[in-house]
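These are my notebook entries on a single protein model. I set down what I looked up, entry by entry.

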Amino acid sequence: MSLTYFCPSCWSEVGAITICPNCGADLRAFSGKSYEEKLILALHHPEPTVPIRAATILGKLKARTAVWPLIDIATSAKDPYIQESAVEALGNIGDDQALFCLDYLSREGTV
């Protein structure tokens, strides 16, 4: 079984190359990103289990840098499991913006 590589900028399938042929992103720059930054990028991965895992880990890490990206996922995801994982992560992070979003979602009846 071979590995499948994706560009972290546009999520196009790419081989083991250094420049994405689809968007031109320098794939070497990805290695310099922090773990949290990589997880935040993974929230938009096309394989549905990846955003769920990324949101779960961000919540366990209480990653405040992920609050706005998680709010975006919680309020716009079409997949209810991805949306649920973002909502749970926001609850685990628990900062003021996360709690405000959760309060809003609970009153609107969208979650």
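The entries below run from the overall fold to single residues.

**Entry 1. Ground rules.** I am working from a predicted model, in which local features need pLDDT of at least 70 and side-chain atom pairs count only at pLDDT 80 or more, while totals for chains, interfaces and linings use all residues. Residues are numbered from 1 along each chain as its sequence is written, and side-chain values use heavy atoms, with hydrogens and water left out.

**Entry 2. Fold.** I looked up the secondary structure and found 5 helices and 2 strands. I take helices (H or I, at least four residues) and strands (E, at least two) as DSSP runs, numbered from the N terminus. In sequence order the pattern reads β-β-α-α-α-α-α. The C-alpha trace spans about 45 × 25 × 25 Å along its principal axes. Of the 111 residues in the protein, 35% are buried. For burial I use relative accessible area: buried is under 20%, exposed is over 50%, and partly exposed lies in between (1.4 Å probe, protein chains only).

**Entry 3. Salt bridges.** How many salt bridges does the structure hold? I find 2, counting a side-chain nitrogen of Lys or Arg within 4 Å of a carboxyl oxygen of Asp or Glu. Side chains of opposite charge can pair when their charged atoms come close.

- Aspartate 26 and arginine 28 are joined by one of them, at 3.0 Å from N to O. Aspartate 26 is partly exposed, with a relative accessibility of 34%.
- Aspartate 103 and arginine 107 form a salt bridge in which the closest N and O atoms are 3.1 Å apart. Both residues lie in helix 5 (residues 96-108), and because they are 4 residues apart there, about one helical turn separates them. I note aspartate 103 as partly exposed at 37% and arginine 107 as exposed at 53%.

I also checked the distance between the two arginines: arginine 107 and arginine 28 are 79 residues apart in sequence, and their C-alpha atoms are 44 Å apart in space.

**Entry 4. Aromatic rings.** A search of the whole structure for aromatic pairs returned 0. The test pairs rings of Phe, Tyr and Trp (its six-membered ring) whose centres lie within 6.5 Å, with planes under 30 degrees apart counted as stacked, over 60 as edge-to-face and the rest as tilted. I did find a charge over a ring: the charged end of lysine 38 sits over phenylalanine 30, 5.2 Å from the ring centre. The criterion is NZ of Lys or CZ of Arg within 6 Å of the ring centre and within 35 degrees of the ring normal.

**Entry 5. Largest pocket.** Rolling a probe the size of a water molecule over the atoms shows where empty space is left. The largest pocket holds about 380 Å³ of space. Among its 17 lining residues, Phe6, Pro8, Trp11, Phe30 and His45 are the closest to its centre. On a 1 Å grid over the protein atoms alone, a pocket is an open set of points where a 1.4 Å probe fits, with protein on both sides within 12 Å along at least five of seven lines, and lining residues have an atom within 4 Å of a point. Grid points are joined across faces, edges and corners, and the volume is the space filled by probe spheres set on the points.

Strand 1 (5-6) and helix 1 (35-42) each give at least two residues to the lining, and helix 1 has the largest share, with 4 residues. By class I record 13 nonpolar, 3 polar and 1 charged residues. Here Ala, Val, Leu, Ile, Met, Phe, Trp, Tyr, Cys and Pro are nonpolar, Asp, Glu, Lys and Arg are charged, and the others, Gly among them, are polar.

**Entry 6. Positive phi.** Most residues other than glycine have a negative phi. Which values do tryptophan 11 and lysine 62 take?

- Tryptophan 11 has a positive phi near 65°. This residue lies in the loop between strand 1 and strand 2 (13-14), and is buried at 18%.
- Lysine 62 has a positive phi of about 55°. This residue lies in the loop between helix 2 (49-61) and helix 3 (67-76), and is partly exposed at 49%.

**Entry 7. Helix 4.** Valine 87 belongs to helix 4 (residues 80-93) and is buried at 16%. Its C-alpha atom is 34 Å from that of isoleucine 19, 68 residues away along the chain.
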